[in-house]
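Trainee: Please take me through one part of this model in close detail. I would like to see how that part sits within the whole.

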Amino acid sequence: MALYRINIPASLFIGAGAVERVSPQAARLGMKRVLIVSDPAMVQSGRPGQVVDLLNAAGLEAVVYGHVQPDPTDQNVHEGLHMLREHRCDGLVAIGGGSSIDAAKGIAVMATNTGDLPDYMGYDKIPRAGLPLIAIPTTAGTGSEVTKVAIITDTQRDVKMMMLDPHLLPTAALVDYTLTFTMPKPLTAHVGVDTLTHAIEAYVSRKANPMTDVIALSAVRLVGQHLRAAWEQPDNAPAREGMMLAATQGGMAFSNSSVCLVHGMSRPIGALFHLPHGLSNAVLLPAVTRFSLSGAPERYAKVARTLGVAGETESVAAAGRKLIDALERLNADLGIPRLSACNIPHDRFEAALENMTADAFASGSPQNNPRVPTPEEMMALYREAY
Ligand SMILES: NC(=O)c1ccc[n+]([C@@H]2O[C@H](COP(=O)([O-])OP(=O)(O)OC[C@H]3O[C@@H](n4cnc5c(N)ncnc54)[C@H](O)[C@@H]3O)[C@@H](O)[C@H]2O)c1
Ligand SMILES: [Fe+2]
């Protein structure tokens, strides 16, 4: 068996009320002054304020950097870092979706290293561990709370910089599904399909391994059981709980295997046309899966059976076809539009195709796909999703 590496946070608390562990965890990690990282809508919701109260009640000081944008930027990281230094903070708590958690990861490692963010792009480029970080996800979602990945936009070049390094792992994650009841339907749909994409890509990736396989398939099963219910009934506690667990498992799986062609092609769309991350994955998922099927037919058939859309006795080919149908139906049922309906003018899309294709290959993700496209094939896939 090949050698492989697994990295996950040192502590995970999963379940209703997990957020209340924030003070004992912060204290255990030696924090005295905490920088809370979040975004404007979350700040308005009052959640970061509740975390401040919990920390204060335990005798810890806390300040909030609440300006993270969706798809966080290098500027967000630099502003947060400035605040961290100004208040001499010794640890961080991120509360929000993948954007807040990724921004906090960037701030945490910038606080202890001398380089700038572009120096850390790619694999294992961060010399020193960051300040301790407690991640509290509020979308079920990216799984960023358990990944060694951060994605920060370089505003000069309009490129989403992907960094992969164990130093980016949160020290602890508090995974509390009760924070997700407030997600509106489109967000539930986008982040839910992002989770499914993480799980499928982790499982079909050339970097899949026996540890990530079981976790990825568990996430696929949970999405099959709970995504539609979470979308239809925002207050459905078992569905929200199932999707939160799926998101964390999806993150754990892809972070220790990899994402593949969907994510590789999705990041340039997000960077250029500012589509939410989950949405740009969702619009690509059916077409990319159809293209990739022949590279790992047995694995895709297993995904179809685990998702609950093909029977155990059906042939591999039939299960593959049913998977594509199911992914198309899922997008339609969750109201996910085609790219052409996402405010992307056709001429701008066509003009960007070559650059998007180059950026996608440069990320390295497409090369993990069971079937690696040529640049022409990738452009054809972009057009198919449009
Ligand atoms: N690091 C990783 O491993 C990883 C993996 C996948 C994606 N990502 C990144 O994560 C980002 C996307 O994160 P996301 O999809 O979680 O969304 P997000 O963090 O960008 O948040 C989107 C919006 O949802 C709102 N929101 C968050 N939680 C809510 C709740 N419970 N109720 C109501 N509104 C809520 C936020 O305030 C924000 O306005 C992208 O930048 C993507 O590249 C990172
Ligand atoms: Fe993702």
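Mentor: β7 and β8 run antiparallel, joined by six bridges. Two strands count as paired if DSSP finds at least two bridges between them. Strands here are DSSP runs (E, at least two residues), helices are runs of H or I of at least four, and both are numbered from the N terminus. One bridge pairs V149 with L164 in β8. The two strands form a hairpin with four residues between them. D158, in the turn, has a positive phi of about 55°.

A word on the source. This is a predicted model, where local features need pLDDT of at least 70 and side-chain atom pairs count only at pLDDT 80 or more, while totals for chains, interfaces and linings use all residues. Residues are numbered from 1 along each chain as its sequence is written, and chains are lettered from A and ligands numbered from 1 in the order in which they are written.

Back to β7. Five of its six residues are buried, so β7 is largely enclosed by the rest of the structure. Buried means that 20 or more other C-beta atoms, placed from the backbone, lie within 10 Å of the residue's own; exposed means 12 or fewer, and partly exposed is in between.

Now the wider setting. The chain is divided into domain 1 (11-180) and domain 2 (185-385), with bounds from an automatic or database domain assignment. Their C-alpha centres lie 26 Å apart. Domain 1 puts 23 residues into the contact and domain 2 puts in 24; a contact needs C-beta atoms, placed from the backbone, within 7 Å. On the domain 1 side, β7 (149-154) and β8 (159-164) each supply at least two residues. The largest share, three residues, comes from β8. By class, that side has nine nonpolar, nine polar and five charged residues. Here Ala, Val, Leu, Ile, Met, Phe, Trp, Tyr, Cys and Pro count as nonpolar, Asp, Glu, Lys and Arg as charged, and the others, Gly among them, as polar.

β7 also reaches the ligand. Along with α2 (40-45), α5 (98-110), α6 (185-204) and α10 (277-292), β7 supplies at least two residues of the shell around ligand 1. α5 gives the most, four residues. Of the 30 residues around ligand 1, A41, G97, G98, S99 and T147 come nearest; a residue is near if its C-beta atom, placed from the backbone, lies within 6 Å. The shell has ten nonpolar, 17 polar and three charged residues. Both domains give residues to this shell, so ligand 1 lies between them.

Terms used. Two residues are in contact if their C-beta atoms, placed from the backbone, lie within 7 Å.
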